[in-house]
Amino acid sequence: MLLPGPQNEAKAVDDVMRFIVGTDLILFALVIGAMLLFVFKYNKKRHPKAVSIHGNVPLEIIWTVIPVLLVLYMFYIGWKGYIQTRIVPKNAMTVKVTARQWNWQFQYENGKQADTLYLPQGQPIKFLMTSLDVIHGFFLPDFREKQDVLPDRVTYLVLYPENLGNFELTCSKYCGLHHALMYTRVIVEPPDKFLAWVNSGVKDTLALPDSSQVKTERAGL
Ligand SMILES: [Cu+2]
């Protein structure tokens, strides 16, 4: 756990982080260990005459193949987590995100607007984001998700809030004087509670798309 309250998207990121840091620590210990061993074993007192060694094919194969496999595996687990935020499930609910100096505004499919991001639990969400002024960054640290929000362009991000809770949403791009105040909450609620909220005070009723097949779709990634 790197930050409190990690969600399922976060697990993919944390796993990559753990794998990379773990591999680095092991390699660091091996390199330093070998260096110290050589300093003691082959010092001038014990080996006054230096010997030159040329070429060792098996060794060269080993130190080429192992790092290549490690790096490919790092890429693979990183890509697997990243793609979860890019492939939009068919039944995702769309939330439009508008960023401006210095606040966030969210609009749901039925026209409901809010400055706190309420989301239904277990429902894939597609955020369509744009900015009214400068570049902002839509950052959900608990979910380890981040996406630039640009003026005159629409960017997107998929989120799958699996657990109930109250999380942070902040701007990750320095966007002016009150950048630090560009901060709000993400509140993940049970679907019926969310529907009661989203349908209050608006004309159109929003129904959640069927999310039963979403889990299978995502499991296949
Ligand atoms: Cu900002």
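Student: In which helix does Met35 lie, and why does Met35 count as partly exposed?

Tutor: In this predicted model, Met35 lies in helix α1, which spans residues 8–41. Its relative accessibility is 47%, and since buried means under 20% and exposed means over 50%, with partly exposed in between, Met35 counts as partly exposed.

Student: What makes Leu37 partly exposed?

Tutor: Leu37, which also has its place in helix α1, has a relative accessibility of 48%, so Leu37 counts as partly exposed, the cut-off for exposed being over 50%.

Student: Which residues form the nonpolar patch on the surface with Met35?

Tutor: The patch is formed by Phe28, Val31, Ile32, Met35, Leu36, Val39 and Phe40, which together have about 700 Å² of accessible area. A patch residue needs over 30% relative accessible area, and Met35 has 47%.

Student: Turning to helix α3, which residues are buried, and how do you know that they line one face of the helix?

Tutor: In α3, residues 191–198, the buried residues are Phe194, Trp197 and Val198. Seen down the axis of α3, these buried residues fall within an arc of 90 degrees, so they line one face of the helix. In general, an α-helix has 3.6 residues a turn, so residues three or four places apart point the same way.

Student: What covers the buried residues of α3, and which residues are exposed on the other side?

Tutor: The cover includes strands β1 (93–100), β3 (113–114), β4 (117–120) and β10 (183–189), whereas Asp192 and Ala196 are exposed on the other side of α3.

Key
Residues are numbered from 1 along each chain as its sequence is written. This is a predicted model: local features need pLDDT of at least 70, side-chain atom pairs count only at pLDDT 80 or more; totals for chains, interfaces and linings use all residues. Side-chain values use heavy atoms; hydrogens and water are left out. Buried means under 20% relative accessible area, exposed over 50%, partly exposed in between (1.4 Å probe, protein chains only). Helices (H or I, at least four residues) and strands (E, at least two) are DSSP runs, numbered from the N terminus. The arc is that of the directions from the helix axis to the C-beta atoms. Contact means heavy atoms within 4.5 Å. Patches are made of residues with over 30% relative accessible area and no salt bridge: like charges are joined within 9 Å, nonpolar side chains (Val, Leu, Ile, Met, Phe, Trp, Tyr) within 5 Å. Accessible areas come from the Shrake-Rupley method with a 1.4 Å probe; for residues, only the protein chains shown count as cover. A salt bridge is a side-chain nitrogen of Lys or Arg within 4 Å of a carboxyl oxygen of Asp or Glu.
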